[in-house]
Amino acid sequence: MLAIDCDPQQNLAVTLGIPPLVVERIIPVCHSVEYLREKTGAGPGLSPGGLLTLNPDVSDVVDRFSVAVARNLRMLVMGGVRHAGSGCLCPEYTLLTAILRHMRLFKDEVILLDTPAGPEHFGRAVADGFTCAVVVADPSYNALSVARESAALARQLGIGHIILVVNRVGKPVDREKTRQRAGLLDEFSRVMPLSFDAGVIAAEPDVCPLLSTESDFMREIKSLVVTITHQCEVRSPKFP
């Protein structure tokens, strides 16, 4: 499996249990000015009106920049904005899109893309070609409205399996509200709740210690993993 952290917050590494001191030594792909210029012809210090290579050769990116997380898991950190007024991330998104399109997977291989909140990765077609999208929202009306918009964009990219994960569902009244609203969310293959668990806050940023627990939260996470693994073949019931 290859996990790609394209969230500007760049917190996937510590979430997966890599020590912060090791994380600080990881070189994000887009922070390598030489690589960015070599592949796209753009980067810091160059004219924003210059030409941009839209189909760069990135066949070497995994070997040059990925780090091992576990025996069957490597991670690639893309990076993001480091300086105010530095302009848009067009070269960075061009590079990321090229990386994803270059990947050729065997039957049992998976790419996991951790994206920033919002529709940017759908608008730029970065998520094009993925088979499953997991949209995470809290139980509020506004958050679920944004989630529906994300699902519509994912459908436009041809992503066939879209799971809504409703996070931090705590009180019974919140769970019931979510259950009622889930019946109106036809854009999703399945709606799955995650119980609020104070243990997540206690463990973060490294969530690995939670894997050995038997809380409601972890049972729901394992159910989510099974659903993703089977590529959301069952479309109903929507809410367990």
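I began with the term I needed: two strands pair if DSSP finds at least two bridges between them. The model I examined is a predicted one.

Entry 1: One of the bridged residues is A137, whose partner in β6 is V166. I noted that α7 packs on the sheet and touches β5 and β6, its direction making about 165° with that of β6. I then followed helix α10 (residues 216–229), which lies across β5, β6 and β7 and runs at about 155° to β7.

**Entry 2: the sheet of four strands.** I recorded an open sheet of 4 strands, ordered β2-β3-β1-β4, with mixed pairing. I asked why one side of β2 and of β4 is left without a neighbour in the sheet. From one strand to the next, the twist averages 25°. I also traced β1 (residues 2–5) to β3 (residues 73–77): 4 bridges join them, and the strands run parallel. D5 has V77 as its bridge partner in β3.

**Entry 3: the nonpolar cores.** I listed the largest core, which has 41 residues; I4, I159, L164 and F188 touch the most other members. Elements that each supply at least two residues of this core include β1, α5 (90–102), β5 (132–137) and β6 (161–169). Leaving aside residues up to four places away in sequence, I159 touches F122, A127, F130, T131, C132, A133 and A154. Another core, of 10 residues, lies apart from the largest one and has A3, L12, V14 and L73 among its members.

Methods: Residues are numbered from 1 along each chain as its sequence is written. This is a predicted model: local features need pLDDT of at least 70, side-chain atom pairs count only at pLDDT 80 or more; totals for chains, interfaces and linings use all residues. Side-chain values use heavy atoms; hydrogens and water are left out. Axes are lines fitted to C-alpha atoms, for helices over the stretch in contact, and angles run from 0 to 180 degrees between N-to-C directions. A nonpolar core is a set of buried Ala, Val, Leu, Ile, Met, Phe, Trp, Tyr and Cys residues joined through side-chain atoms within 4.5 Å. Buried means under 20% relative accessible area, exposed over 50%, partly exposed in between (1.4 Å probe, protein chains only). Contact means heavy atoms within 4.5 Å.
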